[in-house]
Amino acid sequence: MKISALPLLAGSVLLLIGCDIEYGTLPEHYYDFRHGAHQWQPGFSDYPSDNADIYQLESGMRDLPTGFSGKGLYLAGMNRSDDLFMYIKKQITGLQPSTRYQLSASVRFLTNAGADCVGIGGAPGEAVYLKFGYAAAEPRQAGYYLNVDKGNQSQDGTQARVIGNVAAPELSCDGQNFASKTVSGGGNTPLQFTSNANGTIWVFIGTDSGYEGLTRLYYQELELRIVPR
């Protein structure tokens, strides 16, 4: 099944399972990770960096798992802190300087988390919250936490919004298979920012986990909608 566009509806969440994104004219901020990372960089936060080995953190361009073709931007981590944030980030350029914008996002990814499954600390699907946000300076781990107010797990932050989770209803709970899921939206309240004086802003999208287990995701496609206010 293919869709001709991904509507980005502020204040709502759209879930499209097993769909390919097909655009007549590609949006300006559209990224197809099947053909490379497009300068999106992986990152991790909300864990003790001096004990990172036990978190099994992995990232990078990978071949997609069995049943899918091409590549994806892979992130994985074992959430031993009950708070792990796994994300990708990119500096957006070419905006009008010092201008107010509204941000929304649409992302398609592969997940191996089924719906209504039981996990330590929370469900492996519904308790792994997908959120996006912005920052004037590069998002990075500062001590333990991210240097941006992204909120915690299901909660929004001043610079981030929750738009869904990684549960795919057609999957079983054994984590052996993957399904493609698309989540789109702008959050419960609009997320607005003012661009830097040089017309830039950092944007990130990732998962804030309350599930104390291993989460594995392959990001396939991403669209940002950045609209002047």
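Student: Before we start, what kind of model is it, and how are residues numbered?
Tutor: It's a predicted model, where local features need pLDDT of at least 70, side-chain atom pairs count only at pLDDT 80 or more, and totals for chains, interfaces and linings use all residues. Side-chain values use heavy atoms, leaving out hydrogens and water, and residues are numbered from 1 along each chain as its sequence is written.

Student: How many helices and strands does the protein have?
Tutor: Both are DSSP runs numbered from the N terminus: helices are H or I with at least four residues, strands are E with at least two. By that count the protein has zero helices and 17 strands.

Student: In what order do the strands of the five-stranded open sheet sit?
Tutor: Two strands pair if DSSP finds at least two bridges between them. β5 (41-45) and β13 (160-165) are the edge strands, each with a single partner, so one side of each has no neighbour in the sheet. The pairing is antiparallel, and the order is β5-β8-β16-β10-β13.

Student: Which residue of β16 stands opposite K89?
Tutor: Look at β8 (residues 85-92) and β16 (residues 201-209), which run antiparallel and are joined by eight bridges. Across from K89 you'll find F204.

Student: How many residues of β7 are buried?
Tutor: Buried means under 20% relative accessible area, exposed over 50%, and partly exposed in between, using a 1.4 Å probe and protein chains only. Across the protein, buried residues make up 55% of the 229 residues. β7 is mostly covered, and of its eight residues the buried ones number seven.

Student: Is S98 buried or exposed?
Tutor: S98 lies in the loop between β8 and β9 (100-111). Contact means heavy atoms within 4.5 Å, and S98 touches T194, S195, N196 and A197, not counting residues up to four places away in sequence. The C-alpha atoms of S98 and T194 are separated by 5.7 Å, though the two are 96 residues apart along the chain. With a relative accessible area of 52%, S98 is exposed.

Student: How many residues are in the largest nonpolar core?
Tutor: A nonpolar core is a set of buried Ala, Val, Leu, Ile, Met, Phe, Trp, Tyr and Cys residues joined through side-chain atoms within 4.5 Å. W40, I88, L103, Y219, L222 and L224 have the most contacts inside the largest one. Its count of residues is 37.

Student: What is the volume of the largest pocket?
Tutor: On a 1 Å grid over the protein atoms alone, a pocket is an open set of points where a 1.4 Å probe fits, with protein on both sides within 12 Å along at least five of seven lines; lining residues have an atom within 4 Å of a point. Of its 17 lining residues, N112, A113, P124, G175 and Y211 are the closest to its centre, and β17 gives the most to the lining, with four residues. Grid points are joined across faces, edges and corners, and the volume is the space filled by probe spheres set on them. That comes to about 190 Å³.
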